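Subject: Structure handover

Hi,

Here is the structure I promised to pass on. My notes on helix packing, cavities and backbone follow below it.

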Amino acid sequence: MAAKSDGIAAVSVLPESPAPSPAVKRYSLPDCCWTLAALLVFFSDGASDLWLAADYYLRRDYWWFALTLVFIVVPSVVVQALSFRWFAYDYAEEDGGGGGAAAAAAVVAAAGAESHLLGGKGAEQRGAGAAARSSGGGGRTCCRACVWLFQSLVHILQLAQVWRYVHALYLGVQSRWRGDHSYWRMMFESADISMLRLLETFLKSAPQLVLQLSIIVQTSQVLPLQGLSASASLVSLAWMVASYQKALRDSRDDKLPMSYKAVVVQMLWHLFTVGARTMAFALFVSIFQLYFGIFIVAHWCAMTFWIIQGETDFCMSKWEEIIYNMMVGIVYVFCWFSVREGPTRCRLLLYSLIVLAENVALTAAWYLYRGPRTSDFYAVVVVCVVACSYALGTFFMFVYYCLLHPDGPVSAGNLGCCLEEAGAVSEPCPLSAVSAPPPDVVSSPPRTLQRTKGGAEQETGGEGADVFQVRPLAGLRTPAPRLTPKTEGPVIRIDLPRKQYPAWDAHFIDRRLRKTILVLEAASPVTPRIQYRCLGTPKEVMEYETTV
C-alpha cells in the first residue's frame, strides 16, 4: 500500500539538456477505451452482487443473503477508508504546504538561480499565482471545504473507485491536449486506482466467486443471477491482475510496456486458471467446510512465508512491507503474482505444480465423498470442466511467455533453466554522456530511469563494469529492443536507490516524494525526468552506507 516514508529523501533539480528527446508515450484512444471498459467491469461486478443479495433476501435465504452482503460491504469499506486516507494526506499537504512542498519550492529556487530551467515566463506565472493565492484566502477556504465535502460524500457512497477512474480519464485527455505536462499526475492516479482495485477484487470478488459456486454445487442448480454474479467476479479478477501488471510496466521506463494484445492473453490466462481454482475450492467446501478453512489458512501462511523469505521491496517501512506480504499471500491463494526481480520461470513452475496438486486433491476429495444426489455423469462433467479450464489457462500462459512477453519470447530450451535465477546479479547502472549531470550538482553517478537491456554499453562497460557483468548464456530469450533515454528537460534527482521491478518506484509509493514531483511539474515548463541514486560499484555502496 502506498504510504509516506520515515524520512525525506534529498531531491535536486538538474538543468535541461539540449539534446532532442524521442517521442514519449502519449495517452491514446485504446487507453481511453481500456479505462471505460474497466469502469464497466467495476459496475457489472458490484451491481450483480447487490442484485443477487437482494434476490436471496426476497427468497428468504437469509444465510446466503448475509454472506453475500458481508463480502460486498466489508471489502468496500476497507478500500474506501484507504482511498480517503490517501486523499486526506495528499490534500492536507496541498492545503498546509507541508515539508514536501517546501522542499520542492527550495529546490526550484536553487535550480532557478543556477540555470534557465525555471526562469522567464514560468517564474512570472508562479509569482502571479502566489499573489493570487495570498489575495484570495477566503475563496480558497471555501473551495477547500467544498472539495472535502465532495470527497467525503463520494467515499460514503462507496464510489471512490468511480471517481478515481473518471479523474484518471480526465487527466489522460488533458495530457493528450497539453502534451505530457500532466504526465506524472495521470500516472499517479492510474497507480492508485490499480492498487485499490487489485485489493478490492481479492477481498471481494474472489471470496464472492467461491461462495456463489459452492451454493451452486450444494443446490445442484444455477440461478441466472448466480451465474451472472460469478461470471462478473471472475472477469473482474482476471481483468485486474492483467490491468495491474500493465499499469506497473507503464510506470517504469526501465521496462518495456505491455501491449493490449499481451494484456488480453494474460487476462485469459488468469481467467481460466482462477476459474479452475475457485471451482475446486467450491467443490471441496460444499463437503468439508472445516477442513477447507484449515486448508486456506495453511496455504496462506505457507505462501506468505515464501514471499517474506524472498525479501520483497515494495513499501517504505518494515511493517508496511509485512502487511503487503500478507496481502500478496491472499493473492497467492488464487493465482500467480510476481513480487521479486529476476527470472520467474522456476518460481512460476513450482507454484503451478503446487496449485495443480492442490486442485487435483480437492476435486478428487469431492468426487469420492460427494452426496448421493450427485450422479456419476454430473460428477465426471464437473471434474472435466475443472481440468479443461486449468489446461486452457496453462496454454494461454505459454502463449503469453513464448510470444507476447514485453521482454521478448522465451526459447524452448530455456524453460527449465534455473541456474540463471540462482546466480542472478545486479545490472550495472548505465551512464550516458547526454544525461550525466554537471559535477557541481551531482556528487555520485545517477541512475536514469532508462535501463538498457543487452545494449552495447553493458557489453563494453565502464568503470567497475566487470564486477557486475556475467557472460550471456546460450539460448536465452531474445533481447528486447533497447530503450532510449529521454534526454530533454529538467531532471529530478532522488537520493535513494531505485526499487527493483516488480515493485513500484519510490515516487509512486512515498506520497511526499509524489507531492514534490507534482509541485516541480507544475512549476517547470516541461515534464521533469526522475533519476535515482546509483549503487553501481562496491566502492559507492560503502560510501553510501557510511554516509547515511
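Axes here are lines fitted to C-alpha atoms, for helices over the stretch in contact, and angles run from 0 to 180 degrees between N-to-C directions. Helices (H or I, at least four residues) and strands (E, at least two) are DSSP runs, numbered from the N terminus.

The model is predicted: local features need pLDDT of at least 70, side-chain atom pairs count only at pLDDT 80 or more, and totals for chains, interfaces and linings use all residues. Residues are numbered from 1 along each chain as its sequence is written, and side-chain values use heavy atoms, with hydrogens and water left out.

Helix packing

Start with α1 (residues 29–58) and α6 (residues 160–177). Their axes lie 10 Å apart, at an angle of about 170°. The two helices are therefore roughly antiparallel (over 145 degrees; under 35 is roughly parallel, 65 to 115 roughly perpendicular, the rest oblique). From α1, the contact (heavy atoms within 4.5 Å) uses C32, T35, L36, A38, L39, F42 and F43. From α6 come Q161, V162, Y165, V166 and L169. By class, that is 10 nonpolar, two polar and no charged residues. Ala, Val, Leu, Ile, Met, Phe, Trp, Tyr, Cys and Pro count as nonpolar, Asp, Glu, Lys and Arg as charged, and the others, Gly among them, as polar.

Next, α6 against α7 (residues 183–219). These axes come within 9 Å and cross at roughly 155°. This pair is therefore roughly antiparallel too. On the α6 side, the contact residues include Q161, R164, Y165 and H167. Those of α7 include R185, E189, D192 and R197.

Cavities

A cavity is a set of points, on a 1 Å grid over the protein atoms alone, where a 1.4 Å probe fits but cannot get out; lining residues have an atom within 4 Å of a point. Grid points are joined across faces, edges and corners, and a volume is the space filled by probe spheres set on the points. There are three cavities of 30 Å³ or more. Helix α7 gives the largest share, six residues.

Backbone

The Y501 to P502 peptide bond is cis, with omega near 15°. P502 sits in the loop between β3 (491–497) and α17 (506–509). R60 is not a glycine, yet has a positive phi of about 65°. R60 lies in the loop between α1 and α2.

Best wishes

Note on methods. 1 Å grid on protein atoms, 1.4 Å probe; cavity = no way out; pocket = protein on both sides within 12 Å on 5 of 7 lines; lining within 4 Å.
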